[in-house]
Amino acid sequence: MIPFLDLKKINLRHEEAIIEGMRKVLHSGWYILGKEVEQFEYEFAEYCGTEYALGVANGLDALELIIRAYNIGEGDEVIVPSNTYIATILSISANGATPILVEPDLLTYNIDPKKIEASITHRTKAILVVHLYGQTCNMDPITMIAEKYNLKIIEDCAQSHGAIYKNKRVGNLGDAAAFSFYPGKNLGALGDAGAITTNDATLYNNLKALRNYGSHKKYENIYKGYNSRLDEFQAPILREKLKFLDSDNEYRAGIAQYYLENIKNEDIILPVIENGDPSHVWHVFVIRTLYRNEFIEHMLDNGVQTMIHYPIPPHKQEAYKEWNDRSYPISEKIHSEVVSLPISPVMDHTDVLRVVEVVNEFRTC
Ligand SMILES: *Cc1c(COP(=O)(O)O)cnc(C)c1O
């Protein structure tokens, strides 16, 4: 069986460094917001090209805290793609603000900049872009709209660690950005973890307090804050794996390139890269087919595990009952046709060849 993602194999490459890092934290005697978190924040900011990075507990918190720090809440609207992972939308709802869903481009699966302006009202405060599946959004037109209407740009970089748009890395393309280090992401911890990047010193200082009960100084609270800190034990693991992020992403890109050049099947629609090469870090390799169930079964019968990112669009979720009657046709089409093929930094060449062979053998009749 070719697994969709072999996380154990990914992490065992770093076994010695991980154990050494955990021993270091154990022996430090300092287990919350210590030296390792601080070092990781420094290194991650440097990697992204931003002034600041701040470790938090997970990706959803990173998004939620940014929105909170910008004072976006009750009565405010935030523009967000209709086909993102639910967490992006939950971060807006959690602050009492209203998510305004905007349809994606069917070629790239990222928010369609041409559709944003029609959704802007006097209540709109921010555009929350998602670099979905690892590909950067088309930022130039989005930045122009944000400037025209004086909106914040918040990036959801949970799937795009390291992706580059016109010489800048994601995390440095807007006002503030959220990262998740959930184990399966391109940069993954061994548990929950996340980070925020920004060049905004005021925002950074507010967030530093917000993640720590709203306190800069022990027992003095200036905000009704959260407890959302990056775990000290995750920090050395992330520091070690960050050194390999670029080479891992390049390896993923090599597999993607091979898939793009060699998958030849009329019933399979391949992904499209919009902004040149390093703009896609291939968190997942997503194809589309009208015959999804048959395709998944065919792959499985031939020993290839696939996944769906994602089977139900946010507006059809029970959690958002109030939206269930709405129609977002592009999003619905995407959610009903997408399938993700295996891609990872530890996938063998023979497995890559085999996936192509099995995909090319798929016949609908
Ligand atoms: C994974 C993910 C999140 C949430 O991150 P967690 O660390 O699991 O909270 C948010 N947005 C997107 C697009 C994601 O893929």
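A residue is near a molecule if one of its heavy atoms lies within 4 Å of it. Keep in mind that this is a predicted model, where local features need pLDDT of at least 70, side-chain atom pairs count only at pLDDT 80 or more, and totals for chains, interfaces and linings use all residues. Residues are numbered from 1 along each chain as its sequence is written, and side-chain values use heavy atoms, with hydrogens and water left out.

Start by selecting the ligand. Of the 13 residues around the ligand, G59, D156, Q159, S180 and K185 come nearest. Click K185: a polar side-chain atom there is 2.7 Å from a ligand oxygen, a polar contact being a pair of N or O atoms within 3.5 Å. Q159 also has a polar side-chain atom, 2.8 Å from an oxygen of the ligand. At G59, pick the backbone instead: a polar atom of it lies 2.8 Å from a ligand oxygen.

Now colour the shell by class: 6 residues are nonpolar, 5 polar and 2 charged; Gly counts as polar here.

Next, hop to N150, in the loop between α6 (139-149) and β5 (152-156); helices (H or I, at least four residues) and strands (E, at least two) are DSSP runs. Phi of N150 is near 55 degrees, a positive value. Most residues other than glycine have a negative phi.

W282 has a positive phi too, near 50 degrees. Is W282 buried or exposed? W282 is buried, because its relative accessibility is 2%, and buried means under 20% with a 1.4 Å probe, protein chains only.

Last stop: the peptide bond from H309 to Y310 is cis, with omega near 10 degrees.

How values were computed: A polar contact is a pair of N or O atoms within 3.5 Å; within protein, one must be able to donate a hydrogen and the other to accept it, and residues adjacent in sequence count only if both atoms are side-chain atoms. Buried means under 20% relative accessible area, exposed over 50%, partly exposed in between (1.4 Å probe, protein chains only).
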